[in-house]
Amino acid sequence: MEFLTGTGMFQFGHILALVLSMLLVGLLPFFALHFKLNKRTVYLILLIVGIVSESIKVFSYIIMNEGTLNGYLPKTDLPFHLCSIQLIFIAILNFSKNEKIKHLVESFMVPTCLIGGIAALVLATSSARTYWWIGLQYYGFHTAISAFAVYLLADRNTKFTVKDYRNTLIMLAITLFVAIYLNSFLYTPKFELNTETGLYEAKEMTSINFMYVVDPPQSGLPILNKNHGWGVYIAHYTCVAVFAVTCCYIKPIINGFKSLKVKKGENNNESKENIDY
């Protein structure tokens, strides 16, 4: 398990873990569909993975920070990142009996699990390189949600439409907006006296960056950076998010345009027939 820790991004350990994870992202949906696992079984497996993953993360970070936080979970490790909130949706899929709500949840999970999960694997945070069990939890969970998204896209019994695309964009916009409030609420500044001015100034004590709406996930990224300020960063962030969701829904979007074209043609034919009559 040493390849999961002690390595920088895109060094041997990270690349090996990334390759293994991407293989599983492709193979797990294939086996699930090949052996015709029903959705309830897939939901249950994902729920078990989520519970185990979150338990490992929570107890590990509490123990690791016991000396300074005395048994509290660090605010930065609360489950409010895009991938972490999938635990809520996984629970809904397992326990809700409302098929419309479950379909709405699935439509949101397809792009957020796929893009968010793969992005987390590619841009592995430093938390994935601490201890081997945390690395295993990190790669395992993000691999599982990415594979689930691929499973939904490949499942012939699951159909998505342009309406699902629109609802996903709305839900994502609401989620990211809520994250701005959440980060501000949880942010804890430390005030220090400026001896020159005699005034107290706020110094950052805890960096809260859920959904990465405050800062980029990694420094040095070509588009997602704050070189020109937060406003430009969040505009780029929004464009990337919309583009990513659109890519996931490209087939329903194309089908939607085809349907409109066919419907328009039928209406024109009806109008022509009425005129001839």
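**Reading the salt bridges**

Modeller: Lys39 is partly exposed, its relative accessible area being 23% (buried means under 20%, exposed over 50%, partly exposed in between, with a 1.4 Å probe and protein chains only). The model is predicted, so local features need pLDDT of at least 70 and side-chain atom pairs pLDDT 80 or more, while totals for chains, interfaces and linings use all residues. Residues are numbered from 1 along each chain as its sequence is written, and side-chain values use heavy atoms, without hydrogens and water.

Biologist: With which residue does Lys39 form a salt bridge?

Modeller: Side chains of opposite charge can pair when their charged atoms come close. Here Lys39 pairs with Glu106, the closest N and O atoms being 3.1 Å apart (a salt bridge needs a side-chain nitrogen of Lys or Arg within 4 Å of a carboxyl oxygen of Asp or Glu). The pair links distant parts of the chain, from helix α2 to helix α5, 67 residues apart (helices, H or I, of at least four residues and strands, E, of at least two are DSSP runs numbered from the N terminus). Glu106 is buried, at 4% relative accessibility.

Biologist: How many salt bridges does the whole structure hold?

Modeller: The search finds four. One of them joins Glu54 and Lys57 at 3.4 Å, N to O. These two residues lie three apart in helix α2, and therefore about one helical turn separates them. Glu54 is buried at 16%, and Lys57 is buried at 11%.

Biologist: Which residue meets Asp215 in a salt bridge?

Modeller: Lys226 does, at 2.9 Å from N to O. Both residues stand in the loop between β2 (200–206) and α8, eleven residues apart. Asp215 is partly exposed at 25%, as is Lys226 at 34%.
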